[in-house]
Amino acid sequence: MTTYSNLPENSKCLVTGAAGFVGSHLSRRLLGGGCRVTGLDCFTDYYNRRLKERNIRDLLENPAFDLIRADLADLENDWFDGVEYVFHQSAQAGVRASWGEEFSHYTRHNVLATQRLLEWARRTKLKRFVYASSSSVYGNTGKLPMHEDDLPRPLSPYGVTKLAAEHLCNLYHQNFRVPTVSLRYFTVYGPGQRPDMAFHRFIKAILNGDQLVIYGTGEQTRDFTFIGDIVEANLKAATTGHVEGRVYNIGGGTRISVNGVLEILKELSGKPFKVRYEPVQAGDPPHTYADTTRVRNELEFMPETSLQKGLAIMLDSFREVD
Ligand code: UGA
């Protein structure tokens with residue numbers, strides 16, 4: 001069982017991507033723990049900006065929260081004066097959308113922006129720099145579970161940029177002692193999940209009586225991770241001593257197929273629904289599954305929310321909004 005961690009009272013934190021899915025939950029948790037938070041977000045139009053504005057509506061009312069509406073790739077030296085902890089959550093997300101013309105958004109927001117932030121960080125006395133990496137760095141490793149020391153071979157351009165940024169974090173740690181820790185998130189879900197992601201689309205379709213779209217056979221598997229667990233893992237990564245330069249898998253603890261998820265959703269929603277199968281999407285890994293031995297041993301982190309429980313919470317959050 002994970003014990004909850006808190007940063008020292010009044011710690012000054014930077015959360016990049018503060019209006020996004022993970023960034024907004026993390027900012028809320030840090031403020032609740034007595035921190036001051038500077039959020040940064042450039043509100044790209046990858047999905048409806050109104051959802052991002054909704055994510056941060058309550059945060060903006062908190063006097064301990066400031067928001068900088070700007071692009072990290074244009075970082076200016078005085079933006080983050082006094083920051084002690086960095087939680088770098090901003091990115092151009094989306095595995096399946098990262099081909100073609102769109103790739104320049106991925107290089108700008110994932111690679112260049114991270115490099116700019118690290119350049120700033122090397123001239124700053126930070127206590128910790130936590131980078132939100134991704135299970136997409138692994139690709140098809142040919143073995144499960146996936147271990148941090150496996151050779152990463154991303155399958156999507158998105159995965160390539162997340163891996164490049166993770167390598168940049170390692171370089172700035174090795175050369176300039178920036179206290180980086182990278183967390184490889186495995187498919188995060190929960191209230192506020194991005195609208196391009198599977199659970200959001202499935203739940204919305206079920207509640208609207210629309211057909212669900214499944215890419216491939218639905219037999220692909222994922223290690224789905226609840227947002228609350230991702231947030232706690234960030235706190236652990238920021239507060240545990242002697243882990244600078246380390247990389248950790250953050251998984252939910254169970255691997256299940258997309259078809260298996262639909263079974264749970266059928267039961268939880270009590271609504272019948274129709275499914276349409278479409279071709280496998282380029283860049284989609286067939287399976288993911290986190291080996292969590294390292295994070296258990298070194299950060300004393302264990303996920304606490306089962307998929308059943310997390311999906312029930314997510315379903316309720318949709319009903320509240322509708
Ligand atoms: C997710 C995030 O979108 C990435 O940003 C993140 O980096 C990645 O997790 C990760 O763990 O590294 P993904 O696993 O594709 O990527 O997450 P979902 O969108 O929830 O998709 C899960 C599975 O459901 C995929 O196989 C996808 O093809 C499938 N899917 C998705 C459908 O069958 N139908 C849909 O409508 C949407």
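The model is a predicted one, in which local features need a pLDDT of at least 70 and side-chain atom pairs count only at pLDDT 80 or more, while totals for chains, interfaces and linings use all residues. Residues are numbered from 1 along each chain as its sequence is written, and side-chain values use heavy atoms, with hydrogens and water left out.

Let us start with the aromatic rings. A pair of aromatic rings is described by the distance of the centres and the angle of the planes. Rings of Phe, Tyr and Trp (its six-membered ring) pair if their centres lie within 6.5 Å; planes under 30 degrees apart count as stacked, over 60 as edge-to-face and the rest as tilted. Searching the whole structure in this way gives nine aromatic pairs. Take Phe80 and Trp120: their ring centres are 5.3 Å apart and their planes stand at 85°, so this pair is edge-to-face. Where do Phe80 and Trp120 lie? Phe80 is in the loop between β3 (65–69) and β4 (85–88), and Trp120 is in helix α3 (residues 103–122), so the pair ties together parts that are 40 residues apart in sequence. The helices (H or I, at least four residues) and strands (E, at least two) named here are DSSP runs, numbered from the N terminus.

Are these two residues buried or exposed? Buried means under 20% relative accessible area, exposed over 50%, and partly exposed in between (1.4 Å probe, protein chains only). Phe80 has a relative accessible area of 1%, so Phe80 is buried. Trp120 counts as buried too, because its relative accessibility is 5%.

Now look at Phe199 and Phe224. Their ring centres are 4.4 Å apart and their planes are at 35°, so the pair is tilted. Phe199 belongs to helix α5 (residues 198–208), while Phe224 sits in the loop between β9 (221–223) and β10 (225–226), so parts 25 residues apart in sequence are tied together by the pair. Phe199 is buried at a relative accessible area of 1%, and Phe224 is buried at 7%. Ring pairs also link Tyr189, Phe199, Phe224 and Phe226 into a cluster.

A ring can also have a charge over its face. The rule is that NZ of Lys or CZ of Arg is within 6 Å of the ring centre and within 35 degrees of the ring normal. Lys52 lies over the face of Tyr47, 4.6 Å from the ring centre. In the same way of looking, the charged end of Lys266 sits over the ring of Phe273, at 5.8 Å from its centre.

Charges can meet each other as well. A salt bridge is a side-chain nitrogen of Lys or Arg within 4 Å of a carboxyl oxygen of Asp or Glu, and the count comes to 19 salt bridges. In one of them, Lys127 is joined to Glu84, with the closest N and O atoms 2.8 Å apart. This pair links distant parts of the chain, 43 residues apart: Lys127 is in the loop between α3 and β5 (128–134), and Glu84 is in the loop between β3 and β4. Glu119 forms a salt bridge with Arg122, at 3.3 Å between the closest N and O atoms. Both residues lie in helix α3, three residues apart, about one turn of the helix. Glu119 also forms a salt bridge with Arg123, at 3.8 Å. Arg122 is partly exposed at 37% relative accessible area, whereas Arg123 is exposed at 53%.

Next comes helix α7 (residues 258–269). The expected span of a helix is 1.5 Å times one less than its number of residues. Its twelve residues should therefore span 16 Å, and the end C-alpha atoms are 16 Å apart, which agrees. Among the buried residues of α7 are Val258, Leu262 and Leu265. Just after α7, Gly270 takes a positive phi of about 65°.

Finally, turn to the ligand. Which residues come nearest to the ligand? A residue counts as near if one of its heavy atoms lies within 4 Å; of the 22 residues around the ligand, Ser134, Ser135, Tyr158, Thr187 and Asp284 come nearest. A polar side-chain atom of Asp284 lies 2.3 Å from an oxygen atom of the ligand, and a polar backbone atom of Thr187 is 2.7 Å from a ligand oxygen.

Methods:
A polar contact is a pair of N or O atoms within 3.5 Å; within protein, one must be able to donate a hydrogen and the other to accept it, and residues adjacent in sequence count only if both atoms are side-chain atoms.
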